Amino acid sequence: MALVENHLDEHLLAVDVEEGDGYPEDPKFRIRDLKKVSDVGAPILNGINMDIPKGVVVGIIGPSGSGKSTVLRALNRLWEPPSGTVFLDGQDITGLDVLALRRKVGMLFQLPALFDGTVADNVRYGPQLRGKKLTDTEVYNLLTLADLDSSFYSKNGSELSVGQAQRVALARTLANEPEVLLLDEPTSALDPIATQNVEDVIVKLKKNRGMTVVMVSHSIKQIQRIADVVFLLVNGEIVEVLQPDKLSEAKHPMALRFLQLS
């Protein structure tokens, strides 16, 4: 039996993972004593410690302003974490080439931002920066992976709904063949059908590609639908680590209040 671990105030928070779930002992990401303060010196992260297993969907939830997106952005250096705090496959990410890191650790934001041009132009963008031009078949396959059919190939980004544009942005991210996908409220602007489409893609990526997914969401129900393990943040600290079906067992007062009101 493997453990998803988090050290908090000298106590060990652990989520038991059933044998046969395929969780490896070595995490994909290891975060140790990650701290950040605002420009005026106010604490944003208060020594975050967490292990993110390979090939699972990790949910990060908590009240607004608790530091969820800040943790997410540290994982691909959208803000620069201190040296010795964030490790990818055992390597300190501050010692890695940042562009290579971001190809390996892709990110999808709350609102899709497509480049000028067609859907195919957008999907080809990342590989083209490395001197590789995707074939039509490769573009079609990526669109299919993002739950879009071939008719979107030549459409302009301005013709798309927000939900369709979000899936194009996902296909564009997947074109870099990332090992990790970071999702920052990726469905908050989408209707229920578009939300389900994106959730289905996330689950397929985990199941079929063994992708590690780290997702920030305000939707407790969404996290319960697709996550394998949930980290609850309150005031820049991880206060609970639970399996999605056991969120009601949270004991921290603020975490419990957040869950009851969500």
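Modeller: We will go through a pair of helices, an open sheet and a strand with its partners. Keep in mind that this is a predicted model.

Biologist: Helices first. At what angle do H5 and H6 pack?

Modeller: Helix H5 covers residues 162–174, and helix H6 covers residues 192–209. They pack at an angle of about 20°, and their axes are 9 Å apart. Angles under 35 degrees count as roughly parallel. H5 and H6 are therefore roughly parallel to each other. Their crossing is right-handed.

Biologist: Which residues of H5 and H6 meet?

Modeller: From H5 come Gly163, Arg167, Leu170 and Leu174. From H6 come Ala194, Asn197, Val198, Val201 and Leu205. By class, this contact of H5 with H6 has six nonpolar, two polar and one charged residues.

Biologist: Now the open sheet. In what order do its four strands lie?

Modeller: The order is S4-S3-S6-S7, with antiparallel pairing.

Biologist: Which are the edge strands?

Modeller: An edge strand pairs on one side only. Here the edges are S4 (43–52) and S7 (91–92). Look at the S7 end. S7 pairs with strand S6 (residues 86–88) in the antiparallel sense, over two bridges.

Biologist: Next, strand S11. How many of its residues are buried?

Modeller: Strand S11 spans residues 229–234, and six of the six are buried, so S11 is largely enclosed by the rest of the structure. The cut-off for buried is under 20% relative accessible area.

Biologist: And which way do the side chains point in a strand?

Modeller: In a regular strand they alternate between the two faces of the sheet. In S11, Val229, Phe231 and Leu233 point one way. Val230, Leu232 and Val234 point the other way. Residues on both sides are buried.

Biologist: How does S11 pair with S5, parallel or antiparallel?

Modeller: Strand S5 (residues 57–61) and S11 pair in the parallel sense, over four bridges. Find Gly59: it stands opposite Val230 in S11.

Biologist: What about S11 and S12?

Modeller: Strand S12 (residues 237–242) runs antiparallel to S11, and five bridges join them. Leu233 has Ile238 in S12 as its bridge partner.

Biologist: How many residues lie between S11 and S12 in their hairpin?

Modeller: Two residues lie between them. Check Asn235 in the turn: it has a positive phi of about 50°.

Technical notes: Residues are numbered from 1 along each chain as its sequence is written. This is a predicted model: local features need pLDDT of at least 70, side-chain atom pairs count only at pLDDT 80 or more; totals for chains, interfaces and linings use all residues. Side-chain values use heavy atoms; hydrogens and water are left out. Axes are lines fitted to C-alpha atoms, for helices over the stretch in contact, and angles run from 0 to 180 degrees between N-to-C directions. Angles under 35 degrees count as roughly parallel, over 145 as roughly antiparallel, 65 to 115 as roughly perpendicular and the rest as oblique. A crossing is left-handed if the near helix is turned anticlockwise from the far one by less than a right angle, and right-handed if clockwise. Contact means heavy atoms within 4.5 Å. Ala, Val, Leu, Ile, Met, Phe, Trp, Tyr, Cys and Pro count as nonpolar, Asp, Glu, Lys and Arg as charged, and the others, Gly among them, as polar. Two strands pair if DSSP finds at least two bridges between them. Buried means under 20% relative accessible area, exposed over 50%, partly exposed in between (1.4 Å probe, protein chains only).
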